[in-house]
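Look at the model below with its helices in view.

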Amino acid sequence: MPADQPVPAEPAAPDGSAARPPLLRELLLVGALYTVYRLGRTAAEGHVPRAFRNATDVWHLERLLHLPAEGDIQRVLLHSDVLVHAANAFYATVHFPATVAFLVWTYWRRPAYYVWIRRVLTVLTGAGLALHLLLPLAPPRMLEATGLVDTARVYGPAVYGDPATDSLSNQFAAMPSLHVGWALTVAVGLIAATRSRGRWLWLLHPLVTFLVVVGTANHYWLDGIVAIALTGAALLLLRPPVRTPAPPHGLPPAVPGPRSPLGVQAPAH
């Protein structure tokens, strides 16, 4: 090719794909992020009195804001053994597996969206952990004033042990609800990365997650609301990859032509 002839730019794929990041690097990175997540959740131990004071303040603030009572959702679950067991199982088993399955799918099928969502989850989780440290918060199942039942302990399956002896998790990290934030991130990622007509139904995932974490007395309404706000901020900060429109059926993708000295692209021939 002559030296003065520009190299044609490689057309972007219509699905927004890009070079897949090295798998080993991604496994190490995700493993490191998960370790930081677990360590961060346990770093706020020893603030039990403050966590209960904050819980009382959050409970009163919700009543001042006239938010729906968490008990209204829980009463629906308690009307049916099937519903309450399903809600407990959903809380215990869906959070991590659904997020991991989504990351694996995007890594393999939509690498550009994988990188974007991984960054969003990192920012969201980092902000959430910072808030866990700044605002230790006892969940509603521990606050007697709520009158709520710890459905996991009563009906099973249980996720947490006795707060006094549980060294694997920080049970005073209710604000924000990362269950809700991660579920919303997954739903937004699937909506952005796919083109099916029913893709908006993925929003049912964060909706069901929100209702479950409230109905099982693991989170207050405000925990989920703050998680949604943080997720929205992370999505505004980190924009999704640009999707190149697919060419008309039967036509090859357009190849950009050379640019003139003024920077105007000439049509391809």
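The buried residues of α3 are covered by elements that include α2 (48-64), α4 (81-93), α7 (151-155), α9 (204-215) and α10 (221-237). Helices here are DSSP runs of H or I with at least four residues, strands are runs of E with at least two, and both are numbered from the N terminus. This is a predicted model, in which local features need pLDDT of at least 70 and side-chain atom pairs count only at pLDDT 80 or more, while totals for chains, interfaces and linings use all residues. Residues are numbered from 1 along each chain as its sequence is written, and side-chain values use heavy atoms, with hydrogens and water left out.

Which residues of α3 are buried? In this helix, residues 70-78, they are Glu70, Gly71, Gln74 and Leu77. Buried means under 20% relative accessible area, exposed means over 50%, and partly exposed lies in between, with a 1.4 Å probe and protein chains only. These residues lie on the same side of α3 because they cover an arc of only 115° around the axis, the arc being that of the directions from the helix axis to the C-beta atoms. An α-helix has 3.6 residues a turn, so residues three or four places apart point the same way.

Glu70, in helix α3, has a relative accessible area of 0% and is buried. Leaving aside residues up to four places away in sequence, Glu70 touches Trp59, Glu62, Arg63, Leu148, Val214, His219, Tyr220 and Trp221; contact means heavy atoms within 4.5 Å. Ala92, in helix α4, is partly exposed, with a relative accessible area of 36%. Ala92 and Gly156 are 64 residues apart in sequence, and their C-alpha atoms are 9.7 Å apart in space.

Next come the nonpolar cores. A nonpolar core is a set of buried Ala, Val, Leu, Ile, Met, Phe, Trp, Tyr and Cys residues joined through side-chain atoms within 4.5 Å. The largest has 21 residues, of which Phe102, Leu103, Trp116, Ile117 and Trp182 touch the most other members. At least two residues of this core come from each of α5, α6, α8 (178-193) and α10, and α6 gives the largest share, nine residues. A second, separate core has 13 residues, among them Ala55, Leu137, Met142 and Leu222. Beyond four places in sequence, Trp116 touches Val188, Gly189, Ala192, Leu235, Leu238, Arg239, Pro240 and Pro241.

Grid points are joined across faces, edges and corners, and a volume is the space filled by probe spheres set on the points.

The largest pocket holds about 560 Å³. Its lining has 23 residues, and the closest to its centre are Val30, Gly31, Leu33, Val100 and Leu103. α1 (23-42), α5 (95-109) and α6 (111-134) each supply at least two lining residues, and α1 gives the largest share, nine.

There is one cavity of 30 Å³ or more, and the largest cavity has a volume of about 60 Å³. Residues lining the largest cavity include Phe90, His95, Trp182 and His205.

Technical notes:
1 Å grid on protein atoms, 1.4 Å probe; cavity = no way out; pocket = protein on both sides within 12 Å on 5 of 7 lines; lining within 4 Å.
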